Amino acid sequence: MDAIEYKPPYPISLDIIKEKVAKRNGNNHIYAKPYNHVYSRGKLYYPNVKKQKNNFGETITRVDGNIPVDLPVENGQSFLFISYDQSALTHGLHKYPAKFFPELPRWLINRYSKKNDIVLDPFSGSGTTNVEALIYKRNSIGIDVDPFSKFLSKVKTTQLNVEELKYSHEELLENLTRFTSESVNDKDIPNFPYRDNWFQKEIILELAYIRRSINELKVNQYLRNFYYICLSSIIRSVSNADNNCTRTVIRKKLNKNIYPSMALTKFAETILLNVPKMIEFSKLDLNGITAEFPEDNDARKIKYPNEYFDLAITSPPYANAVDYPRTHQLEMYWLGLANGSLTPLKRKHVGTESVKITDYQKLREIGISEADLVIERIYKKDPRRAYIVYKYLWDMETNLNEVYRVLKTNGRYIVVVGNNTIRGNTFENWKYIMKLSQKIGFEIESYFTSEIIRHFIKVPRTERINTDWIIVLRK
Ligand SMILES: C[S@@+](CC[C@H](N)C(=O)[O-])C[C@H]1O[C@@H](n2cnc3c(N)ncnc32)[C@H](O)[C@@H]1O
């Protein structure tokens with residue numbers, strides 16, 4: 001029998017990595033443009049729309065790819081949208097919980113606004129709405145309290161110099177092949193809580209080396225930030241934490257396979273996949289259209305004048321489902337966006353679980369009978385959770401009021417929300433949001449459902465979100 005060849009993990013082989021990425025890139029989808037109906041033998045016809053039955057025998061409307069701008073929609077209708085563009089252009093640079101599939105904001109932007117309009121996303125997350133607004137020549141503002149969200153969205157909406165991208169990524173890749181453990185100094189390694197539990201020793205050295213290599217590139221800050229996002233996108237997968245959980249947690253049973261050279265290899269693959277996408281995005285003619293992510297704004301306090309926006313589109317957080325600061329805690333530590341306790345940041349989040357004991361001493365009412373019934377039922381089992389839910393609705397009412405104020409008359413606010421189960425009670429968020437909107441003065445133009453095609457991150461099974469409701473509100 002042949003002796004097993006010993007293969008040291010370093011230096012990594014760029015040739016092997018390039019070959020692997022070239023195979024993956026072969027399947028790349030070309031970003032498509034939305035289209036309208038076509039006429040066939042004098043009949044109106046949508047080539048990518050068809051009726052089918054879902055798993056419960058109900059009729060749903062399936063739309064493959066781009067959603068026709070003028071697609072007729074009935075109240076309560078169920079759609080199954082199949083998305084192809086989740087990693088087109090800059091959309092796939094980084095995972096983000098409950099991210100829009102790009103075809104949805106694309107459709108809404110084209111349906112409800114025109115070129116040069118100003119679009120708002122008050123819970124902008126990873127900036128999907130803003131990327132689509134740019135592509136379709138609408139100015140946009142994205143508001144989010146999370147520093148990681150703002151960092152990521154800025155990178156996804158900033159065009160870069162193509163030549164600089166080309167030479168800097170080659171330089172970066174070459175540098176990865178020169179890694180040795182000894183070449184990393186203590187000062188290259190960030191300090192953060194439980195660092196040595198989250199990461200294996202070799203991985204810490206590799207990540208520190210990559211970060212230093214990015215810092216040493218002679219490029220502008222925008223390009224450097226793009227590479228930081230590439231670094232950030234591999235952090236969860238090379239950590240000891242579960243890749244598929246919203247919270248950053250280590251599960252011993254997982255037996256995650258982490259090996260020396262893994263961070264260097266994954267980073268090289270990511271660069272090779274993302275640079276061509278960034279080049280494609282950077283070549284778009286944006287015609288002076290901008291996407292901005294202002295500091296010190298909050299979905300509940302939008303620092304813009306009355307009647308400023310033509311359209312608003314958003315997917316707010318779910319009550320009690322995703323703890324965003326904990327989702328990205330390791331990424332934030334490596335990017336220098338956080339270094340200690342996350343609690344002050346958590347408190348800013350709509351849907352936060354960081355509440356004080358004094359807050360839930362008594363039962364509170366939001367003034368919507370159906371919601372108050374559920375809050376009361378939850379209160380009997382768990383007063384703290386009842387308060388979290390009450391506070392969520394209160395915050396959403398404040399947001400609806402703010403968006404009403406900053407929207408032009410006749411402007412739409414489109415809210416995409418899911419239902420979840422809280423303490424055994426179905427929390428029909430869409431119904432409560434509709435009631436709150438009407439109270440404020442919005443007219444409900446339409447509402448329909450979209451089945452979620454791909455949830456990249458799992459939420460605990462009992463609190464799973466199945467279907468999104470899309471509510472079109474009009475001022
Ligand atoms: C469901 S995500 C949005 C995802 C987004 N549609 C996308 O495609 O990436 C909800 C976002 O709301 C943000 N958020 C929570 N509380 C907020 C607040 N008070 N003001 C603004 N944004 C907030 C969270 O940080 C999170 O990024």
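1. A word on terms before we start: a helix axis here is a line fitted to C-alpha atoms over the stretch in contact, and angles run from 0 to 180 degrees between N-to-C directions. Keep in mind, too, that you're looking at a predicted model.

2. With that in hand, take helix α8 (residues 221-238) and helix α9 (residues 262-282): their axes come within 9 Å and cross at roughly 135 degrees. Angles over 145 would count as roughly antiparallel and 65 to 115 as roughly perpendicular, so α8 and α9 are oblique to each other. Their crossing is right-handed.

3. Who does the touching there? On the α8 side, look for F226, C230, L231, S233, I234, S237 and V238. From α9 come M262, A263, K266, F267, T270, I271, N274 and M278. Sorted by type, the contact of α8 with α9 has ten nonpolar residues, four polar and one charged.

4. Next, have a look at helix α14 (residues 383-406) and helix α15 (residues 429-440). They pack at an angle of about 45 degrees, and their axes are 10 Å apart. That angle makes α14 oblique to α15. As for handedness, α14 passes α15 in a right-handed crossing.

5. The α14 part of this contact is made by L393, M396, E397, L400, N401 and Y404, while α15 brings Y432, I433, L436, S437 and I440. The split by type for α14 with α15 is eight nonpolar, two polar and one charged.

6. Now find V350, which sits in the loop between α12 (343-347) and α13 (369-381). Is V350 buried or exposed? It has 22 C-beta neighbours inside 10 Å, so V350 counts as buried; the cut-off for that label is 20 or more.

7. What does V350 touch? Leaving aside residues up to four places away in sequence, V350 touches A299, P316, P317, Y392, D395 and M396. Of these, M396 also turned up in the contact of α14 with α15.

8. Last, the ligand. There are 23 residues around the ligand, and F123, G125, S126, T128 and A299 come nearest. By type, the shell around the ligand divides into eleven nonpolar residues, six polar and six charged.

Key: Residues are numbered from 1 along each chain as its sequence is written. This is a predicted model: local features need pLDDT of at least 70, side-chain atom pairs count only at pLDDT 80 or more; totals for chains, interfaces and linings use all residues. A residue is near a molecule or strand if its C-beta atom, placed from the backbone, lies within 6 Å of it. Ala, Val, Leu, Ile, Met, Phe, Trp, Tyr, Cys and Pro count as nonpolar, Asp, Glu, Lys and Arg as charged, and the others, Gly among them, as polar. Helices (H or I, at least four residues) and strands (E, at least two) are DSSP runs, numbered from the N terminus. Angles under 35 degrees count as roughly parallel, over 145 as roughly antiparallel, 65 to 115 as roughly perpendicular and the rest as oblique. A crossing is left-handed if the near helix is turned anticlockwise from the far one by less than a right angle, and right-handed if clockwise. Two residues are in contact if their C-beta atoms, placed from the backbone, lie within 7 Å. A residue is buried if 20 or more other C-beta atoms lie within 10 Å of its own, exposed if 12 or fewer, and partly exposed in between; C-beta atoms are placed from the backbone.
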